[in-house]
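This report goes through a pocket, an annotated region and some charged pairs. The sequence and structure come first.

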Amino acid sequence: MPTGAGPRRVQEIFTATLDLLTEHGYDGLTIEAIAQRASVHKTTLYRWWSSKDELLAAAVTGSALLEFPVADTGSLRGDLLAVATRLSRLLTRPATAAVLAAVPGRPLLAEATSAFFTGRLTRDHPVFTRAVERGELTADSDADLVVDLLAGALWFHLLLCGGSADRRYLARLVDSVLTGVRARRA
């Protein structure tokens with residue numbers, strides 16, 4: 001769907017799609033139920049998306065429900081803590097879990113989910129530009145690696161291990177990424 005194009009109620013359609021996916025899983029998600037929940041005609045959905053997978057992929061990448069602003073707290077540590085907090089909230093949302101559960105065996109949805117996470121994390125690059133300008137990082141710092149370390153650790157901790165990420169855990173994670181895990185000297 002081209003930018004600026006789409007049905008007038010596109011956000012309502014995306015919200016209905018993600019809500020119904022969360023409530024009923026992929027197999028219970030139907031175009032008819034999405035149309036009813038979004039108060040649009042089924043033909044409207046088929047005019048823009050030829051299949052349930054296309055609509056779900058569009059909802060993953062285009063829903064305002066899954067947006068979050070770029071952090072600007074005035075320090076790299078504060079910005080990374082804000083990024084980690086947002087990412088933790090995103091990863092623990094029921095809609096995110098439902099989307100991730102639907103991905104296996106669905107290439108279009110897998111591609112959209114990858115684009116979603118890559119796009120969201122790429123948007124945090126101004127955090128690193130500002131940190132370089134403030135002298136907190138060198139210009140050759142690898143922003144992608146820092147984001148991978150944060151996101152990967154959170155993904156593993158929350159989704160694979162079933163852990164929780166309170167403010168204390170997130171602060172320890174950010175501090176470990178920023179300082180490394182070297183032994184402390186007395």
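The model is predicted.

The largest pocket holds about 180 Å³ of space. It is lined by 11 residues, and E54, A57, A58, L108 and A112 are the closest to its centre. Helix 4 (52–62) and helix 7 (107–122) are the elements that each give two or more residues to this lining. By type, the lining residues are eight nonpolar, one polar and two charged. Because domain 1 (10–62) and domain 2 (76–185) both contribute to the lining, the largest pocket lies between them.

**Annotated region**

An unreviewed UniProt entry carries the annotation "DNA-binding region" for residues 30–49. This span is 75% helix and 0% strand, and its end C-alpha atoms lie 13 Å apart.

**Salt bridges**

Side chains of opposite charge can pair when their charged atoms come close. The whole structure has nine salt bridges, including those in the table.

| Salt bridge | N to O distance |
|---|---|
| E32 and K42 | 3.4 Å |
| R77 and D175 | 2.6 Å |
| R134 and E136 | 2.6 Å |

E32 is in helix 2 (residues 31–38) and K42 in helix 3 (residues 42–48), so their pair ties together parts 10 residues apart in sequence. E32 is partly exposed, at 42% relative accessibility, and K42 is partly exposed at 37%.

R77, in helix 5 (residues 76–91), and D175, in helix 10 (residues 167–179), link distant parts of the chain, 98 residues apart. R77 is partly exposed, with a relative accessible area of 36%; for D175, also partly exposed, the value is 30%.

R134 is partly exposed at 34% relative accessible area, and E136 is partly exposed at 36%. Salt bridges with shared partners join D72, D79, R130, R134 and E136 into one network.

Technical notes
Residues numbered from 1 in each chain as written. Predicted model: local features only at pLDDT ≥ 70, side-chain atom pairs only at ≥ 80, totals over all residues. Heavy atoms only, no water. 1 Å grid on protein atoms, 1.4 Å probe; cavity = no way out; pocket = protein on both sides within 12 Å on 5 of 7 lines; lining within 4 Å. Points joined across faces, edges and corners; volume = space filled by probe spheres on them. Helix = DSSP H or I, 4+ residues; strand = E, 2+ residues; numbered from the N terminus. Nonpolar A, V, L, I, M, F, W, Y, C, P; charged D, E, K, R; others polar. Domains from an automatic or database assignment. UniProt positions renumbered as here; feature names shortened; annotations may be inferred. Salt bridge = Lys/Arg side-chain N within 4 Å of Asp/Glu carboxyl O. Buried < 20%, exposed > 50% of the residue type's maximum accessible area, 1.4 Å probe, protein only.
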